[in-house]
Amino acid sequence: MFLYLSKLLPLFFYPLGLACVSLVVALVTLWKRPRLAAIAISFALTLLLFCSNAWIAKSLVRSLEWQNLPYAEIPKAEAMVVLGGATKSASPPRPTVDLSESGDRVIYAAQLYRQKKAPIIILSGGRIDWRGSGSPESADMATILTSIGIPSEAIIQEPDSLNTHENAVNVRKILEARGIKQVLLITSAMHMPRSLKIFQRQGINVIPTPTDFLVTQGEMQELGSTPKAAILNLLPDTDNLHQFTTALKEYIGSFVYRLRGWL
């Protein structure tokens with residue numbers, strides 16, 4: 001039940017969901033309480049304009065992504081752990097497993113393996129049933145890795161976890177069984193602050209190895225590089241709204257996880 005509530009309830013607190021709720025209120029009250037309807041419409045418009053401009057969205061994303069910047073030289077470890085959320089199952093008409101927006105995690109793991117940073121790749125992630133049937137995310141990631149030449153004997157799958165806390169709990173069991181003391185933790189840069197704290201709470205010695213950065217130094221500098229750029233970056237954009245929502249999701253996730261004692 002917690003899993004369903006944790007995924008569904010926050011939708012109404014994200015910008016798009018909250019704006020929709022506000023517009024429904026406006027629609028219901030339009031004839032009998034036009035003043036309230038006007039306030040609700042103004043709130044929805046202001047919310048969407050605020051959350052979909054590049055200045056706000058990229059700053060919020062940066063506040064998460066830049067907490068754990070990559071090492072100049074990635075240290076070696078006994079294994080690496082790749083968190084799920086990086087693949088799309090081979091559901092028709094998709095001919096095979098695809099990488100999602102966060103698919104950099106899988107490619108980065110392959111690169112680090114070839115650089116001999118760790119001899120074992122632990123893939124952690126199950127499949128939430130309302131997001132479609134199919135193989136666990138760990139199996140999908142394994143399919144991608146083996147297709148680009150990573151030997152199957154170097155891969156360990158953990159197919160049961162449905163959230164980041166379960167990732168850490170289940171991976172800890174694998175590490176304890178194999179006597180592994182230190183791992184590289186690979187996930188998206190925005191997801192790394194919460195993931196790192198969760199794994200450390202489980203007593204796992206992890207080296208943060210983020211990838212999939214959405215905001216770069218160049219992009220931040222370009223925001224106000226010229227007066228025209230500064231103005232254009234205030235305009236609403238769906239990509240900015242998506243980035244703002246994703247970052248907000250991480251902050252809400254950290255708050256909920258802290259309440260449950262997982263951080």
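**Briefing: a parallel sheet and its packed helices**

Strand S6 (residues 182-186) and strand S7 (residues 205-208) run parallel and are joined by 4 bridges. The model is predicted: local features need pLDDT of at least 70, side-chain atom pairs count only at pLDDT 80 or more, and totals for chains, interfaces and linings use all residues. Residues are numbered from 1 along each chain as its sequence is written, and side-chain values use heavy atoms, with hydrogens and water left out. Helices (H or I, at least four residues) and strands (E, at least two) are DSSP runs, numbered from the N terminus.

**The sheet**
- An open sheet with parallel pairing (at least two DSSP bridges between two strands) is formed by 5 strands in the order S5-S4-S1-S6-S7.
- Strand S5 (155-158) and S7 are the edge strands, each pairing on one side only.
- Strand S4 (residues 121-124) pairs with S5 over 4 bridges in the parallel sense, and Ile121 has Ile155 in S5 as its bridge partner.

**The helix pair**
- Helix H2 (residues 15-29) packs against helix H3 (residues 34-51) at about 165°, with axes 8 Å apart; axes are lines fitted to C-alpha atoms over the stretch in contact, and angles run from 0 to 180 degrees between N-to-C directions.
- H2 is therefore roughly antiparallel to H3 (angles over 145 degrees count as such).
- The residues in this contact (heavy atoms within 4.5 Å) divide into 17 nonpolar, 2 polar and no charged; Ala, Val, Leu, Ile, Met, Phe, Trp, Tyr, Cys and Pro count as nonpolar, Asp, Glu, Lys and Arg as charged, and the others, Gly among them, as polar.

Note on methods
Parallel < 35°, antiparallel > 145°, perpendicular 65-115°, else oblique.
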